[in-house]
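Subject: Structure handover

Hello,

Here is the structure you asked for. My notes on strands and disulfides follow below.

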Amino acid sequence: MVLTLLAAGVHAPDARAGNHVFPDISDVAVPRADCGAGSLPEKGMQGLVSAEDRDSGRSRRGYRCNITQVGNVRGSGGGIVSATYDHCSYTGSLFPGNNIMSQPGVQVVNVADPSKPKVVGSLTAPAMRGGTWETLKVNRARKLLAATAVPLLWGGGYFAVYDISDCEHPRLLNHGAGTTTPLPFTSHEGGFSPDGRTYWASGVFPGHLSAIDISNPASPRVIWQGLHSFLGHGFGISPDGNRMYLSNMAGITVLDIGSVQRRARFPQVRHLAAYLWPDGQLNQHSIPVTIGGRPHIITADEGGSGGVKVFDVTKVNSPKYVAQIKLEVNLPENLDTNLRSSMGGSLFSSNPHYCAVDRPKDPTTLACSWESSGIRVFDIRNLNKISEIGYFNPPAQKNATIADLPNSPHVLGSIIGVPAIEFLSLGMAIVDGKVTLNDALGPRSGMVVGGDMSTDWCFSPPEFHGSQVWTTCADGGFYALQLSPSIYTPPADQESTIG
């Protein structure tokens with residue numbers, strides 16, 4: 001049956017589908033936040049943790065602007081992508097390190113008192129112990145938590161669905177398929193349809209996409225599979241469940257998934273369009289929102305200094321490029337300084353990874369994890385005047401080792417000192433005459449092997465909980481962060497959304 005669906009699901013692009021290339025590489029950063037009393041701001045370039053601050057130990061104090069730490073629990077490290085629901089947070093697991101912790105698997109954090117968060121248990125289904133990578137997601141409509149096993153970049157087979165009605169005591173629903181019996185899918189990323197009836201698993205190369213029916217969470221089953229492009233990553237799905245904005249290597253592939261959503265007998269997934277750009281390799285995920293009554297997507301690039309882009313997708317095959325959010329550290333003319341600083345910090349430097357808006361209709365505020373630049377918060381009420389309003393870059397963890405933080409991808413990755421994710425964008429800046437390689441040399445240039453822990457890596461979405469955002473960083477673990485009332489008033493219809 002699966003082979004039949006696979007054959008049916010591999011569908012040629014619609015003849016009307018178009019490739020839309022956006023060649024502009026922004027050289028303008030959003031305005032800096034105006035930091036109020038009690039802040040401990042960055043001293044130089046926006047988003048930069050300088051080589052000098054790393055080497056002197058200054059980065060172990062962290063940086064903050066209009067955001068304060070309410071509570072923190074480090075645990076054994078924060079994995080890659082974590083999720084929150086009600087008064088709980090669930091810490092993504094990293095394979096194999098999570099299996100040597102005292103409580104292996106996905107950690108359950110009780111945040112009923114945000115000033116004193118505490119680990120109260122763990123989830124130990126094979127999918128949770130196999131490493132959840134970027135698949136650990138919550139569907140609030142059905143009060144479900146789900147993830148697939150991704151031991152390293154690519155995985156599949158194991159899938160777990162939990163009832164989180166009682167968020168401190170999740171209950172495993174699928175004891176058979178996906179737990180004792182593997183399912184036929186591959187994954188790197190994953191997430192729910194808005195109605196929570198489908199969990200989509202996307203792989204990296206060769207771009208394998210699977211739809212898992214969880215109408216009955218106790219008995220998940222693969223109902224469609226196909227190959228969509230060279231490489232797949234995260235995604236966002238329109239509120240009606242009919243359109244997927246699937247991240248590819250340097251842009252987005254737009255797919256019509258309506259026949260899967262409505263459970264057609266022989267579903268077909270059509271390729272509607274592709275949006276491509278030269279800056280921002282490895283697009284991460286997209287957040288479908290409605291602004292002024294028109295559908296838009298907000299999409300983040302985890303590599304290549306592409307920042308965050310906003311598109312009006314009212315006409316999916318005629319998108320409008322509306323806005324871009326970059327920090328000064330991401331501008332082409334600053335990529336030499338970026339490399340000078342981030343050498344020795346391992347693969348990632350300063351790019352957005354996962355973002356959240358405070359509501360899907362006319363969002364007022366966007367919060368993003370920005371790797372070594374911490375958590376960044378932006379006022380997006382006027383897309384023509386987006387500005388940064390606050391940030392929190394957590395203190396670097398001194399002398400952290402894999403024995404201390406076996407669940408931290410930063411500790412694991414620090415066997416390498418080179419921020420390799422940035423090399424393509426740096427090469428483009430050199431070719432364009434924006435920078436010279438000589439200017440990238442500095443006191444950390446020799447740190448090719450054996451990186452240090454002079455910054456943290458923030459990958460998880462900062463999710464809105466009233467006037468706070470809750471997030472998890474690789475080394476520092478879970479943080480409850482308070483937004484100053486001078487920069488944020490929660491709307492009455494706040495509904496934190498990651499797409």
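How many residues lie between strand 4 and strand 5 in their hairpin? The hairpin has two residues between these strands, and Asp 86 in the turn has a positive phi of about 55°. Strands here are DSSP runs of E of at least two residues, helices are runs of H or I of at least four, and both are numbered from the N terminus.

This is a predicted model: local features need pLDDT of at least 70, side-chain atom pairs count only at pLDDT 80 or more, and totals for chains, interfaces and linings use all residues. Residues are numbered from 1 along each chain as its sequence is written, and side-chain values use heavy atoms, leaving out hydrogens and water.

Strand 4 (residues 83–85) pairs with strand 5 in the antiparallel sense over three bridges; pairing requires at least two DSSP bridges. Tyr 85 is opposite Cys 88 of strand 5. Strand 5 is also joined to strand 6 (residues 106–110), antiparallel, by four bridges, with Val 109 as the bridge partner of Ser 89.

There are four disulfides, counted as pairs of cysteine sulfur atoms within 2.5 Å. One of them joins Cys 35 and Cys 65, with sulfur atoms 2.1 Å apart. The torsion about its S-S bond is about -110°, so this disulfide is left-handed. Cys 35 is partly exposed at 28% relative accessibility, whereas Cys 65 is buried at 0% (buried is under 20% relative accessible area, exposed over 50%, partly exposed in between; 1.4 Å probe, protein chains only). The link of Cys 458 and Cys 473 is right-handed, with 95° about the S-S bond.

Regards
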